[in-house]
Amino acid sequence: MKNLKILLVDDEEEFVTTLAERLELRGLQARVALNGEAALQIIEADTPEIVILDVLMPGLGGLEVLRWIKAQQPQIPVILLTGRGSTKEGIKGMELGAFDYLMKPINIEELIKKIQEAIESQP
Amino acid sequence: MNKCEDKEVAFFGKITAGITHELKNVLAIIRESSGLMGDIISISPEAIIKHQEKIQNSIVRIKDQIERGVNLTDRLNRFAHSTDETLSKIDLQETTEQLVILAQRFARLKHVVLKTVPPDQEAPPVTLVTRHVQIHMALFASLECCFTVMSAGGEINIGIRKLEGKNAVHVVCKGELPVQTEFSRDISESKNWQDLQEIAACLQGSAHLDEIEHGIVLSFPNEISR
Amino acid sequence: MNFKNLWTLLSKGFLGHSDDDNADRYRILRRNIFILMILITIIPLIIMAVIYQHEYHSSIKKEIVIPLQTLTHKTKHTFELFFEERLSVIRFIATSYSFKELSDQKTMNRIFNVLMDEYCCLVDLGLINNKGIQLSYAGPYDFLGKDYSEQKWFQEVVVKGTYISNVFMGYRKFPHVAVAVMKRTEDGSALILRATIDTSKFDDIIASMGLNPESDAFLINRNGIIQTSSRFYGEILDHCPLSFPRGNYEPIVTEATDPRGREILIAFAPFSSSDYALVLVKPKSDVLHTWHTLRTRMFFIFISSVALIILVVFKLTDTLVTRVKDADEKRELTFRELQHTHKLSSIGRLAAGVAHEINNPMAIINEKAGLMKDLVAYDDNFQNKEKFLGLTDSILKSVERCRAITHRLLGFARRMEIQLVELDLNELIQETLGFLEKEALYRNIELVLKLADNLPRICSDRGQVQQVFLNIINNALAAVEDEGEIVITSWEEDADTVGVSIQDNGSGMSEATLKSIFDPFFSTKQEKGTGLGLAITYGIVKKMDGEIKVESKQGEGSIFTVYLPKKAKIGSGE
């Protein structure tokens with residue numbers, strides 16, 4: 001799990017940068033994208049091993065990015081972050097191939113556990 | 001019926017306002033904790049070390065309040081969705097528990113504790129097709145009736161019972177209470193009791209004073225017609 | 001097209017405008033329908049009744065008149081036959097016997113006796129020579145040798161050949177009539193045979209007409225002198241007080257009033273061969289007895305029909321209008337219920353939106369605090385003082401963000417009663433946008449505000465006005481694509497009104513959609529939406545005495561314009 005390359009995608013800058021810092025403190029390599037387009041660019045340029053993706057974003061939405069990833073780089077597991085009222089999006093994401101979803105505000109221990117599971121579930 | 005509609009919006013406002021006040025409290029605590037940390041940190045690195053424990057406590061407090069805040073917004077969200085349709089299928093136990101949570105704040109202000117009686121494990125869940133908001137209002141109004149006659153330190157137990165095929169909610173008051181007759185009289189003369197009767201009528205149900213225990217029995221039909 | 005407009009105008013004016021809030025509306029409607037139906041049913045009835053009456057009257061009259069005419073004609077004919085018969089007997093005698101025989105008294109007596117046996121009513125018989133001297137005579141009078149040469153009748157019979165006299169009073173004061181014929185002998189001289197008849201047969205003939213006691217029939221002469229006994233109009237040889245037409249030969253029937261004041265029908269039949277005329281008098285009341293019975297019966301039926309019509313129409317109108325009123329009330333009630341549900345659920349949605357919105361800043365606080373915890377755990381020395389300050393600052397910023405949201409929600413929750421307050425529309429619009437900003441942000445929709453400075457405040461119910469704008473702006477958001485634009489403008493329209501327009505550059509609406517846009521249950525969203533939003537919005541605006549208009553072009557966008565009066569009228573209910 002050390003140095004695992006993670007891509008965090010969320011439009012809420014304060015949230016996502018702080019989360020990235022916390023993950024870094026735990027020895028993970030976390031990069032940040034503030035919107036869908038940037039995320040896709042980063043995935044193409046420097047493929048991460050796992051993507052943590054917020055569903056509700058302006059412009060290219062989370063589910064769109066998920067579709068793209070599953071089409072272009074299906075080996076990358078995706079964990080979705082949803083609002084508490086948007087479990088629908090979470091379920092839809094699962095149907096589109098996301099590994100799982102978590103509701104914000106998240107518990108970092110839980111997130112790390114999920115990341116572990118996702119990586120281990122890879123063939 | 002116009003009568004039924006009259007108070008719904010006001011009730012919604014009342015509950016929403018209640019939740020919002022609580023949220024504000026949550027935020028206030030976070031702010032204070034954060035402010036405290038900031039103060040300590042601003043002084044000097046040595047002060048930070050000296051008051052390390054305070055900083056850690058502040059952080060814990062913030063986390064706790066966030067959890068509380070999230071619970072509140074969940075409650076608000078769920079309550080907000082009770083207005084989606086005029087008539088909907090509801091789980092009576094769930095709704096009662098929900099309402100009790102929503103009413104905690106009001107109970108706290110009256111120094112009364114609210115408890116729900118856990119449901120009978122064997123019995124199937126009680127579901128009704130009815131006006132969701134009005135059910136909330138009925139339960140809330142019964143609590144308000146009790147508040148008027150109870151003194152500080154009392155407790156209210158709310159439980160669901162299926163009574164001769166009818167769906168009943170027993171709102172039972174415990175603690176320092178006047179005699180049964182006086183208790184009944186005080187409640188039935190209160191304005192809250194009048195309101196409760198109106199709401200029960202809208203729900204095509206009824207609200208009676210319990211003959212055995214100090215309390216109110218609400219009963220609702222399985223399904224109400226428009 | 002003109003007729004259609006005219007009809008719409010009439011029916012609207014007559015049956016009332018559906019937008020009327022007037023409590024009197026039903027009373028007016030009832031009255032108008034009642035009057036209209038009464039007129040429609042009773043006027044033709046009256047026209048019919050009048051026409052029938054007229055027709056029947058004339059037809060009855062004819063039916064009375066014709067029998068009268070016939071009777072008179074027949075009776076006249078009987079009279080004429082009677083005279084002709086007598087004349088022909090006399091003529092026969094004059095022809096069959098020679099002058100010598102006739103001048104013989106004995107022969108005259110013999111002929112007279114035979115005639116008396118065969119023919120009734122003969123009074124006397126005599127022969128008169130061409131000098132006017134009575135040569136022979138059989139009868140009760142002593143006329144032998146009488147000289148008639150100066151008398152008019154003698155001169156007349158010499159010229160004309162026959163003569164029928166008027167009635168005169170004769171032997172024992174009974175009425176008589178004289179008939180005479182003239183015959184020329186071989187030597188050219190004239191002989192006149194004259195007979196006197198009593199008029200008892202006349203009375204028989206008249207009696208045979210079978211008249212009822214109220215009627216009268218008699219003979220008169222050309223000068224109006226009564227010749228046979230009349231019941232009501234005078235004695236024989238009196239002048240008849242009734243007036244008669246002159247110069248006709250066919251029997252005619254006229255109407256008149258007799259000296260006793262009765263309305264009468266007079267049948268008048270002048271004889272062709274003599275000076276007489278037959279007069280038949282029937283009282284109108286008698287004759288028209290059937291007509292009057294009929295008329296009374298018709299009148300009775302008419303009155304009871306009218307009464308029945310009025311009763312039925314009244315009841316029908318009442319039932320009809322009551323039904324309409326009930327249906328209207330039911331619809332109104334249902335609409336209000338739906339309106340309430342809609343309002344409540346839109347409030348609910350707002351609250352849910354807020355709950356959702358608060359999550360993000362809380363997530364931030366969570367992470368920040370979490371990081372602080374991590375840093376404290378990982379680094380005992382607190383090297384990074386700035387970092388920590390930065391983190392606490394972030395927390396405070398997020399707290400502020402939450403507070404703003406909860407403040408908005410609280411304000412909204414507190415104001416959920418209907419009350420008329422002074423509203424600053426610009427502020428209200430901005431508050432409303434506050435709830436919807438996030439969505440606009442997520443979809444990159446630009447919100448442009450062109451709100452007038454110093455927009456006058458209006459007096460209205462905050463909740464309802466907010467709901468109007470909420471509905472319209474929500475619609476605009478739905479219509480517009482991502483990266484679209486919504487422009488909200490406010491202005492003072494005139495001394496009494498303010499205007500707000502919400503324009504979007506979305507897909508726009510077709511003509512057909514535009515027409516139904518405010519109809520209840522009309523929706524262009526396939527599964528979502530009840531189709532009630534705009535209908536309710538329309539209802540609210542109208543209740544507040546305002547106006548709402550929409551213009552749209554497909555492919556270009558739509559613009560909703562709301563005009564609100566500065567002084568609102570309190571709508572009933574919510």
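Q: What conventions apply here?
A: This is a predicted model, in which local features need pLDDT of at least 70, side-chain atom pairs count only at pLDDT 80 or more, and totals for chains, interfaces and linings use all residues. Residues are numbered from 1 along each chain as its sequence is written, chains are lettered from A and ligands numbered from 1 in the order in which they are written, and side-chain values use heavy atoms, with hydrogens and water left out.

Q: In what order do the 5 strands of the open sheet in chain C run?
A: The order is β12-β14-β15-β17-β16 (chain C), with mixed pairing. Strands (E, at least two residues) and helices (H or I, at least four) are DSSP runs numbered from the N terminus, and two strands pair if DSSP finds at least two bridges between them.

Q: Which strands stand at the edges?
A: They are β12 (446–451) and β16 (547–553) of chain C; each has a single partner strand, so one side of each is left without a neighbour in the sheet. β12(C) runs parallel to β14 (residues 485–494) of chain C, and 6 bridges join them.

Q: Moving on to α4 of chain C: which of its residues are buried?
A: C:Thr107, C:Met108, C:Ile111, C:Phe112 and C:Leu115 are buried. They cover an arc of only 135° around the axis, which puts them on the same side of α4(C); the arc is that of the directions from the helix axis to the C-beta atoms. Buried means under 20% relative accessible area, exposed over 50%, and partly exposed in between (1.4 Å probe, protein chains only).

Q: And which are exposed on the other side?
A: C:Lys106, C:Arg110 and C:Asp117 are exposed there.

Q: How many aromatic pairs are there over all chains?
A: The count is 22. Rings of Phe, Tyr and Trp (its six-membered ring) pair if their centres lie within 6.5 Å; planes under 30 degrees apart count as stacked, over 60 as edge-to-face and the rest as tilted.

Q: How are the rings of C:Phe79 and C:Phe271 placed?
A: Their centres are 5.9 Å apart and their planes at 40°, so the pair is tilted. C:Phe79 lies in helix α2 of chain C and C:Phe271 in the loop between β9 (263–270) and β10 (276–283) of chain C, 192 residues apart.

Q: Is C:Phe79 buried or exposed?
A: C:Phe79 is buried, at 0% relative accessibility, and C:Phe271 is buried with a relative accessible area of 0%.
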